[in-house]
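Here are a few notes to read with the model open beside you. They are meant for someone looking at this one for the first time.

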Amino acid sequence: MRVEELMTQPAIGISPTADIMEAARLMVAHGISGLPVIDQDVVVGMLTEGDFLRRAELGTEVKRAGWRSFFATPGRLAAEYVQSHGRKVAEVMTDDPVTIDASAELEDAVETMLARHVKRLPVMRDGRMVGIISRSDLVRALVRQAQEANSQTHSDDAIAAAVRAELARHEWGARTTVRVNVRDGIVDLDGMIFDERQRMAMKVAAENVPGVKGVVDHLTWIEPLSGIVIAPSEWETPQDAARA
């Protein structure tokens, strides 16, 4: 999936010469947590909720008492003063914004957000901003895909085949020692595992298959060094799985 398929458009931006209270009202009115700052069609910065945390109006500006103030340089103190007292967007915004091209893969957007510690990216095409993609867009897409998957009908045989295929893709899948049976959408995992961590991974793998209504855990853990057999503390039933 490409960024342009998921981005929010048109994106709401603000001028660097605008008053920060205008920006704050705009963010509240539209229920957004960040604004691209645009000057003559060029994205020059980002203004986010984080830029409003240290404000003199709230009494939350940085305060240094005693010896702590000794180690703060005049330049740093000056920058902190601007951040807490600045009236214009350009004075408070974060410079050098991180952007992404509209044709980029969604995976690239996620990697960029994680690597640069940002929650949103202005989306560019031919040097102009055409939208914005944020973490909330990813959450909405996740919900939409889940709804679409749940609306489809899946046979028990198809579900079982999909679970077995997913387990076969992974070294921890224990496809030779674990049996997968499905009845009325309830997946029954039965057999042996040799690492307790496999149990949760297998349940998660089954839960992610479209059409699955629940997972019954009948897996027995055999400790490989001692050969001790450890069964689940409480055997699950299909009714338990359906209620979970």
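1. How many nonpolar, polar and charged residues are there in the lining of the largest pocket? Bear in mind that this is a predicted model. The lining has seven nonpolar residues, six polar ones and five charged ones.

2. Now for the pocket itself. Its volume comes to about 290 Å³, and 18 residues line the pocket. If you want to find the centre, look for Ile 32, Ser 33, Ile 132, Ser 134 and Ser 136, the lining residues closest to that point.

3. Which elements supply the lining? Strand E1 (34-39), strand E6 (128-134) and helix H7 (135-150) put in at least two residues each. H7 has the largest share, with four residues.

4. Ser 134 is worth a click. This serine sits in strand E6 and counts as buried, because its relative accessible area is 14%, under the 20% cut-off. Its side chain makes a polar contact of 2.7 Å with the side chain of Ser 136. Beyond its neighbours within four places in sequence, Ser 134 also contacts Met 113, Lys 119 and Arg 120.

5. Next, have a look at Leu 138, which is in helix H7. Is this residue buried or partly exposed? Leu 138 counts as partly exposed, because its relative accessibility is 23%, and buried would mean under 20%. Setting aside residues up to four places away in sequence, Leu 138 touches Leu 6, Leu 106, Val 110 and Met 113. Met 7 is 131 residues away from Leu 138 in sequence, yet their C-alpha atoms are 9.0 Å apart in space.

6. Helix H2 (residues 20-30) has two sides to compare. Ile 20, Ala 23 and Met 27 are buried. These three are on the same side of H2, because they cover an arc of only 55° around the axis. Turn to the other side of the helix and you find Arg 25, Val 28 and Ala 29, which are exposed.

7. What covers the buried residues of H2? The cover includes E1, strand E2 (42-48) and helix H5 (89-92).

8. Finally, check both ends of H2. At the start, a side-chain oxygen of Asp 19 comes to within 2.8 Å of the backbone nitrogen of Met 21. After the helix comes Gly 31, with a positive phi near 60°.

Key
Residues are numbered from 1 along each chain as its sequence is written. This is a predicted model: local features need pLDDT of at least 70, side-chain atom pairs count only at pLDDT 80 or more; totals for chains, interfaces and linings use all residues. Side-chain values use heavy atoms; hydrogens and water are left out. On a 1 Å grid over the protein atoms alone, a cavity is a set of points where a 1.4 Å probe fits but cannot get out, and a pocket is an open set with protein on both sides within 12 Å along at least five of seven lines; lining residues have an atom within 4 Å of a point. Grid points are joined across faces, edges and corners, and a volume is the space filled by probe spheres set on the points. Ala, Val, Leu, Ile, Met, Phe, Trp, Tyr, Cys and Pro count as nonpolar, Asp, Glu, Lys and Arg as charged, and the others, Gly among them, as polar. Buried means under 20% relative accessible area, exposed over 50%, partly exposed in between (1.4 Å probe, protein chains only). The arc is that of the directions from the helix axis to the C-beta atoms. Contact means heavy atoms within 4.5 Å. A polar contact is a pair of N or O atoms within 3.5 Å; within protein, one must be able to donate a hydrogen and the other to accept it, and residues adjacent in sequence count only if both atoms are side-chain atoms.
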